[in-house]
Amino acid sequence: MLKPAYHYLALRSLGAPAVLFSLAIQGVFRGFKDTKTPLYATVAGDVVNVILDPLLIFTCNLGVSGAAIAHVLSQYLISLIMLVKLIQQVNLLPLSIKSLQFSRFLRSGSLLLFRVIAATIPVTLAASLATRLGATTMAAFQICLQVWLTSSLLSDGLAVAGQAIIASSFAEKNYEKATAAATRVLQMGFVLGLGVTLLIGLGLQFGSGVFTKDINVKHIITMGVPFVAGTQTINSIAFIFDGVNFGAHDFAYSAYSMILVSVASIGSLFGLNIVAGFVGIWFALSIFMGLRAITGVWRMGTGTGPWSFLRK
């Protein structure tokens with residue numbers, strides 16, 4: 001697995017500037033409460049990706065390298081579309097270095113950087129541990145992981161909407177509106193999570209053949225279905241609380257709490273992997289997402305930090 005993985009990552013790294021740029025520019029559009037432009041750009045890029053994938057992977061016989069090339073090209077297309085649209089609305093050339101406000105962005109940015117690193121480590125470690133269980137287990141793990149992450153991120157749309165509304169409400173000091181927005185997106189996220197649990201539970205149980213024809217891989221996937229499907233509501237709440245906390249400018253708490261969650265999750269990954277292998281890894285990932293949801297519930301539920309007004 002190492003050689004094709006190396007080629008894939010080497011090519012994917014060429015798209016890193018486009019990925020980072022597109023994420024940053026999406027933040028700008030979110031600030032404008034414009035969710036249509038990032039959607040249209042992403043759909044255009046994804047369509048190109050879907051078309052190029054089979055052509056490069058199978059027709060051109062490039063394998064995983066073809067998948068990487070298709071992804072890189074689609075990311076640059078997404079960035080280009082959003083950049084052209086943004087230039088029409090904003091002057092991107094500041095009058096002075098001072099107007100760039102580096103210190104202001106670095107304060108929040110550094111906290112979020114640490115948070116992203118902390119959130120990434122448990123998932124990366126889980127993949128590493130699954131790899132050591134063999135190629136068949138790794139294949140099943142990656143299929144489960146991609147379905148798990150993709151379905152969980154459906155709630156990201158609610159998180160983004162909540163973040164924008166809550167941020168503007170805090171700016172206006174309209175705390176009643178902020179509370180109402182947070183409550184509503186969490187309710188919607190809970191319902192969405194239940195629906196996705198049902199969809200993934202049935203879909204992955206009977207539709208694993210979409211990803212592989214290998215009987216052994218399919219068997220291992222069935223062992224992961226209860227975790228992939230059963231954690232969807234928890235995942236949805238966790239992701240939405242990310243948006244809620246970001247909207248409340250609670251970046252320090254988001255970063256530090258994620259570091260603690262990551263440390264606890266790393267310990268559970270090592271321990272449960274030894275005890276139960278593939279199932280143990282997924283049990284630990286479930287703990288990881290559960291702790292993320294708990295830290296979000298605790299912050300707002302106890303009325304601390306920016307939510308201190310709830311205690312009045």
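Which residues form a nonpolar patch on the surface?

**View 1. The nonpolar surface patch of the predicted model.** L113, F114, I117, I121, Y256, I259 and V263 form this patch, with about 680 Å² of accessible area together (Shrake-Rupley method, 1.4 Å probe, only the protein chains shown counting as cover). Patch members have over 30% relative accessible area and no salt bridge, and their nonpolar side chains are joined within 5 Å; a salt bridge is a Lys or Arg side-chain nitrogen within 4 Å of an Asp or Glu carboxyl oxygen. Two or more residues come from each of α5 (102–131) and α11 (251–301), and α5 gives the most, with 4 residues. I121, which lies in helix α5, is partly exposed at a relative accessible area of 38% (buried is under 20%, exposed over 50%, partly exposed in between).

**View 2. The largest nonpolar core around W282.** Of its 55 residues, F141, W282 and W307 touch the most other members, and the largest share, 12 residues, comes from α11. Such a core joins buried Ala, Val, Leu, Ile, Met, Phe, Trp, Tyr and Cys residues through side-chain atoms within 4.5 Å. Neighbours within four places in sequence aside, W282 is in contact (heavy atoms within 4.5 Å) with F141, C144, L145, W148, F227 and V228.

Numbering starts from 1 along each chain as its sequence is written, and side-chain values use heavy atoms, without hydrogens or water. In this predicted model, local features need pLDDT of at least 70 and side-chain atom pairs count only at pLDDT 80 or more, whereas totals for chains, interfaces and linings use all residues.

Notes. Patch = residues over 30% accessible without salt bridge, like charges linked within 9 Å, V, L, I, M, F, W, Y side chains within 5 Å. Buried < 20%, exposed > 50% of the residue type's maximum accessible area, 1.4 Å probe, protein only.
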